[in-house]
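Here is a short briefing for a first look at this structure. Keep the view open while reading.

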Amino acid sequence: MSTVEYTRPQAVPSLERLPRKLAPGHQPSDRIFHGAATTIGMFVLFITGSIGIFLGYQSIPTLRHYGLRFFTETNWQPELDKIGIAAVLVGTVEVALVAMVVSFPLAFMMALFITDYAPKRIKSWLVSAIDLMAAVPSIIYGLWGFFLLQPHAINVARWLSQYLGWVPIFKVDTDPNAAVWQQSRYTSSAFIAGLAVSMMAIPLACAVMRAVFDQAPLGEREAAMALGGTRFGVARTVVFPFAKGGIIGGTMLSLGRALGETAAVLIIISPEYVIKPRILEAGTQTTSALIAGNFGDATKSQLSALLTAGFVLFLITLAVNSVAAVVIRRSRSGAGTDI
Amino acid sequence: MIRGITVRSPRERKPARHAAGSVAGRPRVDSQPGWTGPARLDAVEISAWFGKTKVLEDVTLSVPPATVTALIGPSGCGKSTFLRILNRMHESVEGAQLAGEVLLNGQDIYAAGHRLTEARKQIGMVFQKPNPFPAMSIADNVTAGLSLTSTKVGKTERQELVEHCLSRAGLWNEVKDRLNRPGSALSGGQQQRLCIARALAVEPKVLLMDEPCSALDPTSTRRIEETIAELGSQVTIVIVTHNMQQAARVSQQAAFFLAEQGAPGGIVEQGLTTDLFEHPVDPRTADYVNGRFG
């Protein structure tokens, strides 16, 4: 063994210690990739921003002409110079809320089944099946809702109005107990449009919830199991508290989707410009269906009005999605057990 | 320290299945109905697989009531798998299988009539990494097992239980003023003792510990070891450890696990801890306990 002499390092006396400037010294390939990724990232921001600016700019003439009346007027009658989105916004929210009420429990239970209950061999099948639901074009859901679902859904609507008609939202302006009941009063409603839209909201909400349920820390899951917890006990104690943000965020993302859904709604509803809480009754209108149904034969000023409606929808969905993103991002910090 | 445990050689043993917790026809106190104290645990001819890979072969181990048994051996020899078989956590892993019996006071916890959740409740577990429920307060963490097993307790009873369990885990004095603070705000060692308190709250008959100190600093390790020494007389403990000194300090009996190249793991030697460390019979045990491999 050779002898090693130990020399204590001598500090070089210096006048002042300042933080050093560090050169990153990246590889050229790293720099190219960095540049490309930054450009593409910025491009996404640029597109979203330019859509907002375009819509905002196009809205100026309409907002100048109608002012605040644009938000309080229910009618959409360009020939009478009466244009407003009050009824349309209410209809949009009603359809979206019906979709949420139907899709939330389904998406939630599906996500929990996939992550915590399903045997491994059917798990991947279920995941693909739900992802496939997202791949079905919305026009197909519209046709499905109109031809396949509606003839059956009107029976549910009639039953609801028969027994819960005293609640304003379930009331229908017809006699629900009539022997020959007026079926057409129950068709083309916000309820049926909402059912079709819920099918499009499910895959998005389910995917987000599944992802956060899966992230629930294994250590905590095992702790709950080892204490004698049942599977639902584990879900209640560990998975739900951990995934709270993801559940809320996923629901709001799918709400954003539901608010903007067009094709299916356009097929199912019959346009009616009245503020009404009666979701089971025929006739309603949503913002996106209004635009899709009217821009074909719109004059220049009418087009500006439609774009203004689009601008309002854009701002609402942007707000909903941004809140959802913040909620989801916060929830990731749920794993506070690291030491 | 040694409580007169007789450990027979593996060949003689296979009694538990038929004798059902009795020694020479004399009924044991812990096999009587209503007994809630520490229990006897017998693992009989345990083998285990992950998918098609056999990881444990023919492991038999008897753990007398109110003792501390240490499982030692190098990484990957099946100690943790064996431990997880003792409270039915093994089967929560996809593709995991096992053969053999685990008898808790003579009752097979894998028998058809025995509930999975009941087995886990009676045989508690403390994990390698402290895993308190971060969203819950310290007090709620302690009583988490009660709500998980739908056990209802009154408010004062609950407070007493929290104090009792935290005291037994040696944590009460450090946290008594902040019981409503989140459990995740504690230090690693405190979190681990909180997990011990949580496991004790459901009154397990046996407590399994899977390398409970490997993520902790020496001071926290010493506190946990003190806790184990105090608990040893109240509950049967089986502890997996990589730390030979720890095994020597806390346990009365020990088992040395080893998996030869490509073969499933098994017990090479078991006996009183002092015998295993001071007079090992098998040369492989001698090599391991003297730090020549592993």
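The points below cover a sheet, a chain contact and a helix pair. The model is predicted. In chain B, four strands form an open antiparallel sheet. Chain B also touches chain A, with 27 residues of chain B in contact with 20 of chain A.

**The sheet of chain B**
- The strand order is 2-1-4-5.
- Strand 2 (53–63) and strand 5 (107–108) of chain B each have a single partner strand, so one side of each has no neighbour in the sheet.
- Strand 4 (residues 96–104) of chain B pairs with strand 5 of chain B in the antiparallel sense, over two bridges.
- Leu103(B) has Asp108(B), in strand 5 of chain B, as its bridge partner.
- Helix 2 (residues 79–86) of chain B packs on this sheet and touches strands 1, 2 and 4 of chain B.
- The direction of helix 2 of chain B makes about 120° with that of strand 1 (41–50) of chain B.

**Where chain B meets chain A**
- On the chain B side, the elements giving two or more residues are helix 3 (116–122), strand 6 (123–126), helix 5 (144–148) and helix 8 (188–200) of chain B.
- Helix 3 of chain B gives the most, with four residues.
- This side of chain B has twelve nonpolar, ten polar and five charged residues.

**A helix pair in chain A**
- The axes of helix 3 (residues 86–117) and helix 8 (residues 231–260) of chain A come within 9 Å and cross at roughly 145°.
- The crossing of these two helices of chain A is right-handed.
- Helix 3 of chain A contributes residues including Phe104(A) and Phe108(A), and helix 8 of chain A contributes residues including Val239(A) and Ile247(A).
- By class, their contact has 13 nonpolar, four polar and two charged residues.

Notes. Residues numbered from 1 in each chain as written. Chains lettered and ligands numbered in written order. Predicted model: local features only at pLDDT ≥ 70, side-chain atom pairs only at ≥ 80, totals over all residues. Pairing = 2+ DSSP bridges. Contact = placed C-beta atoms within 7 Å. Axes fitted to C-alpha atoms, helices over the stretch in contact; angles between N-to-C directions. Nonpolar A, V, L, I, M, F, W, Y, C, P; charged D, E, K, R; others polar. Left-handed = near helix turned anticlockwise from the far one by under 90°.
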